[in-house]
Amino acid sequence: MSHEPSGRVVKIEIDGRVVEARTGEFLLAVARRAGIDIPAICQHEAVDPAGNCRMCLVEITKASWDGWSRLVTACLYPTEQDLIVKTHSAPVIEARTVLCDLWLARCPDSAYVQKLAAEFGIEKTSYQPAAVPTDQCILCGLCIRVCEKLGPAAIYTVNRGGRKKVAGPFEGPPPDCIGCAACAEVCPTSCITVAERDGTRTIWDKEFQLLACTTCGRTLVTIEEARYFGRKGGLGESYYQLCDRCKRLQTAQQATKVAGLPLTVGGLGEASGRPFRSPGSLTTSR
Amino acid sequence: MPDMIFVVDVARCSACQKCEIACAVHNVKEMNAARARIAIFPRPSPEFRAGSARWGEARRALPVEGGRESPPLNEASGTPVTCLQCDDAGCVRVCQVGALQRSPTTGAIEIDHAHCVRCKMCVPACPFGNMTWDEPLRQVAKCDLCHGMPQCALACPTGALKYRPVSEVAMPAIGTACGGR
Ligand code: SF4
Ligand code: SF4
Ligand code: SF4
Ligand code: FES
């Protein structure tokens, strides 16, 4: 999480336990560090919290609040002095149950949502299920935030209300998408489809050519992804000619050329190999 | 600054592959060398050269494993390949979410799987092929020196892989180690 708490150290109470935290540090992070479990769906360490799914609701109060308490999203709520947090109180469970009930109405076919709802004792939604179940997306927005963090920012939410969904501009294939499939990897409901066949990958209705090893033909990432991230990282295209296996063989061959001499690698940061030289030059010579 | 260093002495490797097994068992709980973060590339020992009649005979008699033909272990030697924990590492450069960070204690570049979004770009970014994709785990995988207790070095019977105090290793001048700057 890029949120750096700079506040002073205070003591708060979570589920009856006294826990140390810094003011400004988000409650979810504090609880996790203390080994206290709070369900969180749209939270991912790679991106800032957004408070979209509301699964991480907890009840907060203070001794000075005179019995008043409220529900807040733990992923986004900054620690303050004297906070008393309940992660599984009756109002919290009630709120999470309603969420699951609503998700089940929206995505009755989602195995993820079904399982989640079952954990809260819901087999059938008490709301009107979606007439035509649109997709299995719970609109947590994690894919959008991850894509933005990676750079392309290719997808967003379109439409409003019941027709709201994640898509590219005009609901067509997103022009900025590089096909890295990170969105699909982080999606909690696994509802973003990625199809790979004959050296291509299709995601968000956009077809990508996969990068193939020039020796053995293995594939892993798309050509657009390699170009895009390669440019960001300042790597030349010669990096991607071979797959990892064929590169390891090449590394072995080059290291063996100077057979009989010790190859010293690793552990020293500064003193270890530099990546932008031919592997052969990493073999030490006396 | 880490006080231990991982040392590979190619000349001592007998291609027994104990390091690969130790690595796989430790990291993925499976006796499967193909999932290890270190790879041993068998090569004939000097008295058993490729192309010689004995070599050809032995090769024909062997099954092809994972696409590479292994010569009889007792007559072969090998070249170990594992992460170099590069100073200015390609994998670190391409990771857009900061999931790859150098451990201050071991100096190894470690993957924080909670940060990783599995874009897999670090795999092609490694010039040596040491970043891999572990399909059963659905995670990228690399050597992290086992957080300071490299299992491969513990398993190596010949001293080809060692984890030694920096002060005891005769380090070539940094310039030489890197092929000159
Ligand atoms: S596959 Fe496309 S939409 Fe998904 S994270 Fe990558 S660039 Fe963004
Ligand atoms: S994985 Fe590759 S690029 Fe990254 S530190 Fe290791 S050898 Fe260098
Ligand atoms: S796969 Fe994970 S560690 Fe590798 S570059 Fe992508 S986010 Fe970073
Ligand atoms: S994890 Fe806090 S709102 Fe989704």
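Which backbone nitrogen does the side chain of B:Asp144 reach? That of B:Cys146, at 2.9 Å.

The views show a predicted model, in which local features need pLDDT of at least 70, side-chain atom pairs count only at pLDDT 80 or more, and totals for chains, interfaces and linings use all residues. Residues are numbered from 1 along each chain as its sequence is written, chains are lettered from A and ligands numbered from 1 in the order in which they are written, and side-chain values use heavy atoms, with hydrogens and water left out.

View 1. B:Asp144 is buried (under 20% relative accessible area, 1.4 Å probe, protein chains only). B:Asp144 has no salt bridge (a side-chain nitrogen of Lys or Arg within 4 Å of a carboxyl oxygen of Asp or Glu). B:Arg37, the nearest side chain of opposite charge, is 6.2 Å away.

**View 2. The shell of ligand 2.** Ligand 2 is surrounded by 13 residues, each with a heavy atom within 4 Å. The closest are B:Cys83, B:Cys86, B:Cys91, B:Ile109 and B:Cys126.

**View 3. Helix α4 of chain A.** Seven of the nine residues in α4 (residues 142–150) are buried, among them A:Cys143, A:Arg145 and A:Cys147. Their cover includes β6 (156–158), β7 (165–167), α5 (182–186) and α6 (223–233) of chain A. After α4(A) comes A:Gly151, with a positive phi near 125 degrees.

Terms used: Buried < 20%, exposed > 50% of the residue type's maximum accessible area, 1.4 Å probe, protein only. Lys, Arg positive; Asp, Glu negative; His and termini not counted. Polar contact = N/O pair within 3.5 Å; in protein donor to acceptor, adjacent residues only side chain to side chain. Helix = DSSP H or I, 4+ residues; strand = E, 2+ residues; numbered from the N terminus. Contact = heavy atoms within 4.5 Å.
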